[in-house]
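Open the model in your viewer and keep the selection tool at hand. Each stop below says what to select and what is there.

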Amino acid sequence: MNSALPSPRVVLFDLDDTLFDHRGAVKGALQRLRREHPGLARTAFAVQVGRYLDLVNELHEGVLSGTLSASAAREDRFRRLLADAGSSALPAEVAQMASVYREEYQRSRRPVTGAPELLGSYHEAGIPVGIVTNNLRIEQEEKLEAIGLAPLVDLLLTSEEAGYAKPSAEIFRLALRRLRAAPPEARMVGDSFESDVVGARSAGIPALWFNPRALAPPAGGHVVELGSLHPAGKARRQIAEATGVFPAAPDTR
Ligand SMILES: [Mg+2]
């Protein structure tokens with residue numbers, strides 16, 4: 001039945017908040033910390049989640065380049081969340097918060113709804129699946145194992161090992177070289193319009209913007225949306241039908 005579905009030759013996905021529910025794990029971890037540290041709970045939960053995710057993005061570059069350790073970045077985020085809430089804590093307490101956060105984040109790791117079935121469907125049909133992600137390899141490998149997707153993924157390419165980060169076309173080109181596919185034969189699916197969609201298109205790969213929260217689309221760009229990975233058959237059809245690159249990629253040969 002799977003083989004009856006139309007398919008590109010290979011499919012690339014982003015990992016965080018596309019296949020892996022990063023936002024959900026952040027929420028789970030912050031909920032526990034708010035129970036244990038009432039100072040943090042002075043900020044409304046939704047506001048705090050948004051601020052925390054912004055801080056993760058802001059400090060991520062330092063972690064990727066090795067100028068900031070992951071635990072130092074985590075401690076810095078909690079110092080800033082406490083300051084937002086008009087509170088503060090001793091360094092030892094901040095370190096303890098960061099370590100509880102880490103433990104709860106890892107315990108809260110889940111796939112995005114429909115991700116296991118969709119990847120399983122490609123796997124069964126013999127369509128290679130690659131992941132292109134801006135993060136450290138060890139972190140992303142552990143996530144894939146924890147959420148049970150590792151056996152369904154043919155290539156995990158991180159910015160750490162590629163030496164390029166999305167939205168650079170280079171990281172996408174490297175992924176396709178490894179999967180032996182040409183750009184028009186592939187699709188990219190990801191939740192960041194800039195990194196995943198604009199980046200993939202710059203390498204000539206048709207891309208879909210994964211938008212499960214129905215956010216307003218970015219202005220000025222042609223948007224092909226994928227609202228859900230579920231059900232797998234419908235998602236596969238939408239992915240196969242997305243064939244444009246808007247605008248055409250420059251000829252780089
Ligand atoms: Mg993402």
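**Stop 1: the largest pocket**

Select H2 first: with 11 residues, H2 gives the most to the lining of the largest pocket. Helices (H or I, at least four residues) and strands (E, at least two) are DSSP runs, numbered from the N terminus. Before moving on, note that this is a predicted model: local features need pLDDT of at least 70, side-chain atom pairs count only at pLDDT 80 or more, and totals for chains, interfaces and linings use all residues. Residues are numbered from 1 along each chain as its sequence is written, and side-chain values use heavy atoms, with hydrogens and water left out.

Now show the pocket itself. Its volume is about 1300 Å³. The lining counts 47 residues, and Asp-16, Asp-17, His-22, Val-56 and Asn-57 lie nearest the centre. Colour the contributing elements: H1, helix H2 (45-65), H3, helix H4 (91-107), helix H6 (137-146), H9 and strand E5 (207-210) each supply at least two lining residues.

How is such a pocket found? Rolling a probe the size of a water molecule over the atoms shows where empty space is left. On a 1 Å grid over the protein atoms alone, a pocket is an open set of points where a 1.4 Å probe fits, with protein on both sides within 12 Å along at least five of seven lines; lining residues have an atom within 4 Å of a point. Grid points are joined across faces, edges and corners, and the volume is the space filled by probe spheres set on the points.

**Stop 2: the magnesium ion**

Select the magnesium ion. Which residues are its protein donors? They are Asp-14 (OD), Asp-16 (O) and Asp-191 (OD), at 2.1 to 2.3 Å from the ion. Donors are N, O and S atoms within 2.8 Å of the metal (3.2 Å for Na, K and Ca); water is not among the atoms, so sites may look incomplete. Along the chain the donors follow the spacing D-x1-D-x174-D.

Check accessibility here. Buried means under 20% relative accessible area, exposed over 50%, partly exposed in between (1.4 Å probe, protein chains only). Asp-14 counts as buried because its relative accessibility is 6%. Asp-191, at 28%, counts as partly exposed.

**Stop 3: salt bridges**

Lys-166 lies in the loop between helix H7 (159-162) and helix H8 (169-179) and Asp-14 in the loop between E1 and H1, so the pair ties together parts that are 152 residues apart in sequence. Both Lys-166 and Asp-14 are buried. A salt bridge is a side-chain nitrogen of Lys or Arg within 4 Å of a carboxyl oxygen of Asp or Glu. By this rule the count comes to 16 salt bridges.

Next, select Arg-32 and Glu-103. Their closest N and O atoms are 3.2 Å apart, in a salt bridge. This pair also links distant parts of the chain: Arg-32 in helix H1, Glu-103 in helix H4, 71 residues apart. Arg-32 is buried at 15% relative accessible area, while Glu-103 is partly exposed at 40%.

Salt bridges that share partners join Arg-32, Glu-36, Glu-103, Glu-104 and Arg-107 into one network.

**Stop 4**

Select Arg-77, in helix H3 (residues 70-84). Not counting residues up to four places away in sequence, Arg-77 touches Tyr-52, Leu-55, Val-56 and Leu-59. Contact means heavy atoms within 4.5 Å.

Move to Tyr-52, in helix H2. Tyr-52 is buried, with a relative accessible area of 0%. C-alpha to C-alpha, Tyr-52 and Arg-77 are 7.0 Å apart in space, and 25 residues apart in sequence. Beyond its neighbours within four places in sequence, Tyr-52 is in contact with residues including Val-26, Leu-30, Phe-78 and Tyr-101.
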